[in-house]
Amino acid sequence: MAEKTGISWCDATFNPWMGCTKVSPACDNCYAEKLVTGRMGKDLWGAGKPRHRTSVSNWKKARQWNKTPAQLIGSQWPGRKPRVFAASLADIFDNEIDPAWRDDFWALVRETPNLQWLIVTKRIGNAAKMLPADWGNGYPNVTLIITVANQPEADRDVIKLLLTPALSRGLSVEPMLGHMHLGYLGWPASPSRRRDGYNALIGARYDNGGMVERLPKLDWVICGGESGPGARPMHPNWARALRDQCAAAEIPFHFKQWGEWAPADQVPFTGFDHKGHAVATPNSRVLIGGKDFSRDKSASNFGEGAVNLWRYGKGRTGRLLDGAEHNGFQGAT
C-alpha cells in the first residue's frame with residue numbers, strides 16, 4: 001500500500017498498517033473502509049477489530065523513494081522533497097495499534113530524510129503520548145495535519161494541534177461540512193465572553209479580548225468536498241471564506257476538489273458527448289444543507305443563502321474555485 005497517487009496535495013501514499021475506527025462526521029462515508037472492507041475483504045474497521053500491518057516489501061518502497069526521490073516527483077522540481085501521505089487507510093495515532101508498530105514507523109521516518117511525511121490524523125489528542133522520544137520540537141521531514149470537517153471540530157482540535165510540538169502544521173478540511181472561521185476558535189457565544197478564544201491565523205490565545213499567549217500559527221490549509229456514494233455537498237461560500245481567511249493571513253491554501261457536487265458556474269464546460277448532450281450534464285440537484293433537498297423542500301439552508309448544487313461526479317467537477325486552481329503548499333513548492 002505504498003504507491004503514487006492522484007491526490008493533488010501529495011506525491012504518494014504510504015500505509016504502515018490498515019484499519020481504523022470512525023471518530024468524526026468526516027468518517028461517515030469513509031473511502032478507506034469501503035476499499036479495505038469491500039475490495040480487499042478485510043474486516044478491520046471499528047473498536048476492537050484487528051489492524052493489519054502491511055508487508056515488508058511495502059515498507060521497502062518508502063526506503064527506495066528516499067534513495068531516488070525523483071521517481072515520485074520527476075526532474076521538474078529539483079531540490080523538493082516528495083510529499084508522502086501517511087496514512088490513507090489508517091491513523092498513525094490510533095490507540096488500538098501495537099506500539100511496536102508505531103516505533104517501527106518512526107524509525108522509518110528517521111531513515112528517510114529525503115521524504116516529507118504528511119501525517120494526517122483525526123486523533124491529535126493522542127499525539128503527545130505517541131510521539132517518539134527524540135521528537136523534540138518535531139522532525140524536520142514531518143508535517144502534522146489534522147482533519148476537521150466543521151466549526152465544532154476546529155474549535156476542539158486546532159488548539160491541540162497548535163500546542164503539539166511540530167515544525168510544520170496543517171489542516172485538512174475535507175470533507176468540508178460547514179462554515180469555518182479559524183480566527184475565532186472556541187470563542188463562546190456569550191456576549192460577555194465573546195472575545196475569549198484562539199486565533200489560528202496569527203497564532204494567539206485571547207482572554208477578555210487581550211492576547212495572553214503567542215502560539216504557532218497554521219502553516220497550511222487543504223480544503224475539499226466529498227466524493228463517492230452518499231457524498232454530502234459543500235456550499236461554495238464555505239470554501240471561499242476559508243480561502244479568503246488564508247489569503248489575508250498569508251497561509252498557503254490548497255483547494256483539492258469539489259467532489260461529487262458543485263454549482264454549475266464552477267464546472268468548466270468540456271463539450272458534447274456522442275449523443276449531443278453536454279458532457280457536464282448533472283443527474284440530480286440539491287439546495288445546500290447536507291441532504292437531498294429535491295426530496296425535502298422544507299429543510300433549512302443553514303443560513304448560507306440558497307444555491308443549487310448539481311451532482312456531476314468528481315471526474316467532472318474538478319478543482320477550480322471561482323475559475324482558479326489554488327495549489328498552496330507549506331514551505332517551498
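Predicted model: local features only at pLDDT ≥ 70, side-chain atom pairs only at ≥ 80, totals over all residues.

**Exercise 1.** Find how H2 and H4 are oriented relative to each other.

*Solution.* Start by locating the helices: H2 covers residues 56-67 and H4 covers residues 99-111. Next, take the angle at which they pack, about 15°, with the axes 10 Å apart. Angles under 35 degrees count as roughly parallel, and H2 and H4 are therefore roughly parallel to each other. The crossing of H2 past H4 is right-handed. Now look at who meets whom: Trp59, Ala62, Arg63 and Asn66 in H2 face Trp101, Asp104, Phe105, Leu108 and Glu111 in H4. Sorted by type, the residues of this contact are 5 nonpolar, 1 polar and 3 charged.

**Exercise 2.** Is Asn114 buried, partly exposed or exposed?

*Solution.* First find Asn114, in the loop between H4 and strand S6 (116-121). Its relative accessibility is 36%. Buried means under 20% and exposed over 50%, so Asn114 counts as partly exposed. Then check its contacts: beyond residues up to four places away in sequence, Asn114 touches Asn66, Pro69, Lys81 and Pro82. Finally, the C-alpha atoms of Asn114 and Lys67 are 7.7 Å apart, although 47 residues separate them along the chain.

**Exercise 3.** Which residues have the most contacts inside the largest nonpolar core?

*Solution.* This core has 65 residues, and the ones to pick out are Phe105, Trp106, Trp117, Leu171, Leu182, Leu218 and Val221. A second, separate core holds 10 residues, among them Ile7, Cys10, Leu118 and Ile222.

Conventions:
Residues numbered from 1 in each chain as written. Heavy atoms only, no water. Core = buried A, V, L, I, M, F, W, Y, C linked by side-chain atoms within 4.5 Å. Buried < 20%, exposed > 50% of the residue type's maximum accessible area, 1.4 Å probe, protein only. Axes fitted to C-alpha atoms, helices over the stretch in contact; angles between N-to-C directions. Helix = DSSP H or I, 4+ residues; strand = E, 2+ residues; numbered from the N terminus. Parallel < 35°, antiparallel > 145°, perpendicular 65-115°, else oblique. Left-handed = near helix turned anticlockwise from the far one by under 90°. Contact = heavy atoms within 4.5 Å. Nonpolar A, V, L, I, M, F, W, Y, C, P; charged D, E, K, R; others polar.
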